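Look at the sequence and the model below.

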Amino acid sequence: MAKPHVNDHGFIRCPCNRCINNAQHQLEVLETHIHRFGFMSDYNEWIYHGENVNAASSSNVPQPNSGVHDRDEMFEVLEDIISNDAEVDQLGSQSSNVQYDDLFTALNLELYPGVSSFSLLNFLVKLMHLKVMNKWTNKSFDELLKLLKLAFPKMDLVESHYEAKKLMTKMGLGYQSIHVCKNDCALFWNENSMSETCPVCSESRWKMQAGRRTGKNVPHKVLRYFPLAPRLKRLFATSKTAKLMRWHQARKSTDDNVMRHPVDGRAWKDFDRKHPEFADDVRNVRLGLAADSFNPFNNMSISYSMWPVVLTTYNLPPWLCMKPEYLMLSLLIPGPQSPGKDMDVFLRPLIEELKELWENGIDTRDTGNDRKVFKIRAALLWTVNDFPARSSLSGWSGQGYKACPTCNEDTPSMRVIGKTAYFGHRRFLPSTHRWRSNLDFDGRTERKRPPRRFSSVDIMDQL
């Protein structure tokens with residue numbers, strides 16, 4: 001009955017016990033609210049949902065408040081999460097709502113008796129944010145919770161960091177733990193997820209003591225993978241970020257001699273020419289990948305190398321795309337040694353997802369365009385890294401006599417006092433340049449031509 005009476009943007013007043021016809025939502029969110037909070041008991045004549053009543057009877061119908069409806073700020077956050085779930089047809093169904101049961105329960109729990117505008121969920125989100133920003137340990141977080149419960153016995157809190165983290169993961173944007181072979185040969189993932197030994201070197205998946213397993217199965221290494229698709233969908237979950245994801249098209253420079261964003265560069269324009277069907281939809285995401293090693297223990301006397309792999313969204317304006325809140329951690333590669341030539345093993349989950357996003361895309365609800373569902377696709381344009389990290393990512397050695405990625409097999413190099421030195425830079429100059437005949441460089445004139453250019457097929461054959 002109510003469906004034909006939505007407004008031009010697909011919204012309608014919500015008659016649940018929390019909104020009481022004050023707020024407007026899409027139908028699927030309305031169904032979820034009624035399922036969670038129940039229907040208004042005194043709303044018998046649906047004057048806001050298509051039912052015609054006479055003036056006498058309509059005077060008894062509860063009217064929405066004209067003031068601002070006071071509610072917890074996390075309410076809007078959950079609305080964005082639920083309404084953006086485009087893969088579910090009916091968000092009010094039992095299968096889809098079970099995922100949000102604990103979140104709605106925490107949202108409805110008052111942190112303290114009489115404090116209706118600050119829920120348990122809101123408090124936990126802010127407390128977890130403080131933990132991350134100030135680098136609290138899990139133990140210190142547990143002790144803080146115990147102190148708060150002791151000082152405020154009526155405060156409804158979780159018991160530990162584990163319980164708080166378990167609740168937060170239901171908001172999405174979690175990670176997958178993937179076991180890795182001791183020798184970095186393969187991941188125990190997908191076709192190898194149930195294997196007990198490495199399919200390459202036959203090493204055991206688990207740590208051993210005296211040739212036997214410990215009491216609890218403990219893997220040698222664990223790769224943390226943060227799925228990309230939910231994070232891209234979340235960028236379109238709010239109207240503000242959804243509009244910012246179109247900035248690169250609306251605000252690009254019209255002067256070919258001015259570059260203020262990667263969209264103005266030759267690489268971006270060349271990509272658009274080669275893939276016009278991708279470029280047609282400005283919402284398709286352009287990504288950059290950065291990777292490097294760091295010591296997580298902040299102690300240089302401990303040799304440990306952990307590799308984060310971070311993705312940057314270049315659809316955003318230049319003053320946002322490099323902000324920490326818009327950088328997406330994709331992989332956390334464990335140490336203690338650098339992955340080196342085995343980097344491709346760790347990148348496999350990300351590569352598989354990028355291929356899926358490139359070929360098929362995923363259904364996403366665009367809140368910046370009347371909440372319409374569209375297929376979002378993504379492409380990785382380039383990597384950002386130093387020379388050693390480039391060697392790991394590309395598979396081309398950054399050491400030795402042929403280390404230059406530009407000169408390739410024609411790299412001019414020589415050994416100088418135990419180190420490899422590279423020379424011959426004058427070969428890139430025009431053939432008539434006066435520096436080619438100058439003897440001040442190495443006592444010789446330069447007659448060689450610039451190095452030949454290798455095609456992508458040639459380079460793949462070398463790899």
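At what angle do α6 and α8 pack, and how far apart are their axes? The angle is about 110°, and the axes lie 11 Å apart. Axes here are lines fitted to C-alpha atoms, for helices over the stretch in contact, and angles run from 0 to 180 degrees between N-to-C directions. The two helices, α6 and α8, are therefore roughly perpendicular to each other, a term for angles of 65 to 115 degrees. On α6 the contact (heavy atoms within 4.5 Å) is made by Leu121, Leu124, Val125, Met128 and Lys131, and on α8 by His161, Ala164, Lys165, Leu167 and Met168.

This is a predicted model, in which local features need pLDDT of at least 70 and side-chain atom pairs count only at pLDDT 80 or more, while totals for chains, interfaces and linings use all residues. Residues are numbered from 1 along each chain as its sequence is written, and side-chain values use heavy atoms, with hydrogens and water left out.

Helix α7 covers residues 138–151. Its buried residues (under 20% relative accessible area, 1.4 Å probe, protein chains only) are Phe141, Leu145 and Leu148. They lie on the same side of α7, because they cover an arc of only 65° around the axis, taken from the directions from the helix axis to the C-beta atoms. The buried residues of α7 pack against α6 (120–133) and α8 (161–168). The face turned away from them carries Lys139, Lys146, Leu147 and Leu150, which are exposed (over 50%).

His161 is in helix α8. With 9% relative accessibility, His161 counts as buried. Among the residues that His161 touches are Met128, Phe141 and Leu145.

Notes:
Helix = DSSP H or I, 4+ residues; strand = E, 2+ residues; numbered from the N terminus. Expected span 1.5 Å × (residues − 1). Parallel < 35°, antiparallel > 145°, perpendicular 65-115°, else oblique. Lists of a residue's contacts leave out its neighbours within four places in sequence.
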